[in-house]
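Let's take a walk through this model together. Have the sequence and the 3D view at hand, and we will go step by step.

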Amino acid sequence: MKPIYLDHAATTPLDPRVLEAMRPFFSETFANPSSFHTPGLRAKEAVAAARQSIAKHLNGREDEIIFTSGGTESDNLAVVGVVRALKTKGKHVVTSSIEHHAVLEPLLHLKKTGEIDLTILPVDKYGLVSVADLVAALRPDTVLVSIMYANNEIGTIEPIADIGRAILKWRKDNVTHFPYFHTDACQAAGVLDMDVEKLHVDLLTLNASKMYGPKGIGVLFVRRAVKIETLIRGGGQEKNIRSGTENVPGIVGLATALDLSQAEKDVENARLTRLRDRLIAGLLAIPKTRLNGHPTERLPNNVNISFIDIEGEAAVLYLDAEGIYTSTGSACASTSLDPSHVILATGLSYEAAHGSLRFTLGRSTTPEDVERVIAVMPGVVEKLRHMSPVNLDMKYFN
Amino acid sequence: MSQPVTPATEDARKGDVVAATKDKGWFYSDVVKEHFFHPRNFMEDESAYADAAMGMVGSPACGDAMKVWIMVDPATERITDLKWKTFGCGSAIASTSMMSVMATENGGMTMDDARKMRPQDIMERLGGLPARKIHCSVLGDKALRAAINDWYRKAGKTDKVEVEQGRVIDKVLNVTDHDIEEAVLDGADTLLKVQAKTKVGTGDPSCIPEVENLIRFYKEKYFGA
């Protein structure tokens, strides 16, 4: 039976076209872009071309693109770097309860060390941040707002452009340059509009490994004039914001992956949305289930369903035995004992959070794959429910 | 029916993942996998066990819950039959299944011996479990002890009932899940009423979501609402 990989939000395979673009930069054009000889110049040109291409997709400038080792580093650089650069301006940061750990953990650390006051905004039952709540949380000493573009677990797309406009207006009304607005766009990069002028963001994180590019390469867009302190000191690469010899194959791979996914996104999004909605409908036909996240404001590839009375990991393992690869936001799959902080933040009970399963579709997903999951899942759920002593009333979960 | 017996390995005793380091491509040991996909002694038809002694531990809010039914020979006090149901992850299902094998093999354990069964014993027979899984998912021995208490209670031998320490919910005030269960049984059906009896959550407010889930769980368990 053909394996069915439905964990594209965790990471995507490398597109063969991306691999081809990267190939010359491992052992042919391998030189250090900082070197002052011809091979070094070739590598430097490749990095410059990639930077130009990425800047174009973001509608930004080349000197606003900082290459990093991935999404986690970009997020850390954005939040820690801004807080430390603006420590004389204020110490208040606003974020949401459903951010990725790469944003939440550094912020919680800064809070613990006393470097910031932190406001963590709640979300509604679909995982949406309220623009009004966010504006109400802003203070004269707020230096940074960080809200993700689209959530990795439940796929909810946040109103980033509306938030960006509201922050612009607040800054104008209060005659200040702050707060800066950062968004983690790792899940959105290959799928949604990345125009920083339309989004009104000052900093934006993206990485290659969620859009069929290589792992270990990311970008932080940093708008001109935004003050940011480096975390990694050394040879002064990337405008002294991120030292270290450039990962040339990775940089070329990221630029190619962004190019391809942006070029194909309209057709691919429409195709994935059809498959997603079919999968959601097929799985919700199983009794005692509910959709987590927003019904329409969601990534075209994300399906997250709670199967009441069963535990997510057990279902992942039964599906694994069928060659269907999914993931769970539940406790047992991660190092923490608590279920997903994202699903709990939407107000869902612990019981239903433990029974949540995430299916994230991708380029390889076919209608046949979706039908097979819809055919297999009821048996898995029935078997686990048969084994389960729990029979909860659905009225708690709607 | 005879069961495969796996000798405990050094890795298993350390409580670490065994299979993952032995390129089997599976997070759990082969024995865990076998018991997960082919659970032994699980409860097919509760109606035949209406009179059996029963024990339950955990709650779905915590991520694991299990129910154990036992039949006991009154003359020898040996466990002649054990059935179970489990809500939980792979290791929760496999460990309950293994516990059921251990309690009933070789003519059945005496209840005195069964009471001494520890999570580590189950884990060794499973060929090891990931370290962080042991405390959260190996609850079978506790459910079995609860069923044994129920048997003695039903047999009128209340002197043989052993009350266990509950799981601490409010770490500051040392309030356990048993305290919450008792409060619900006494008629406290809201957080405020349970707090009036136990003060739970006033010491450690971070446990309140869990307390609310436990209240809901015990209400469902005892009152069906």
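Predicted model: local features only at pLDDT ≥ 70, side-chain atom pairs only at ≥ 80, totals over all residues.

Start with the open sheet of chain A, where 7 strands run in the order β2-β8-β7-β6-β5-β3-β4 with mixed pairing. At the edges you will find β2 (65-68) and β4 (117-121) of chain A; each has a single partner strand, so one side of each is left without a neighbour in the sheet. If you look from strand to strand, neighbours are turned by 20° against each other on average, direction ignored.

Strands of a sheet pair through backbone hydrogen bonds, either parallel or antiparallel. Here β2(A) and strand β8 (residues 218-222) of chain A pair in the antiparallel sense, over 4 bridges. Within this pairing, A:I65 stands opposite A:F221 of β8(A). Helix α3 (residues 38-58) of chain A packs on the sheet and touches β2, β7 (203-207) and β8 of chain A. The direction of α3 makes about 120° with that of β2(A).

Next, turn to the two helices. Helix α9 (residues 248-284) and helix α13 (residues 367-387), both of chain A, pack with their axes 9 Å apart and at an angle of about 10°. Angles under 35 degrees count as roughly parallel, and α9(A) and α13(A) are therefore roughly parallel to each other. On the α9(A) side, A:L275, A:R278, A:L279, A:G282 and A:L283 take part, meeting A:P367, A:V370, A:V373, A:I374 and A:M377 of α13(A).

How values were computed: Residues numbered from 1 in each chain as written. Chains lettered and ligands numbered in written order. Axes fitted to C-alpha atoms, helices over the stretch in contact; angles between N-to-C directions. Parallel < 35°, antiparallel > 145°, perpendicular 65-115°, else oblique. Contact = placed C-beta atoms within 7 Å. Pairing = 2+ DSSP bridges.
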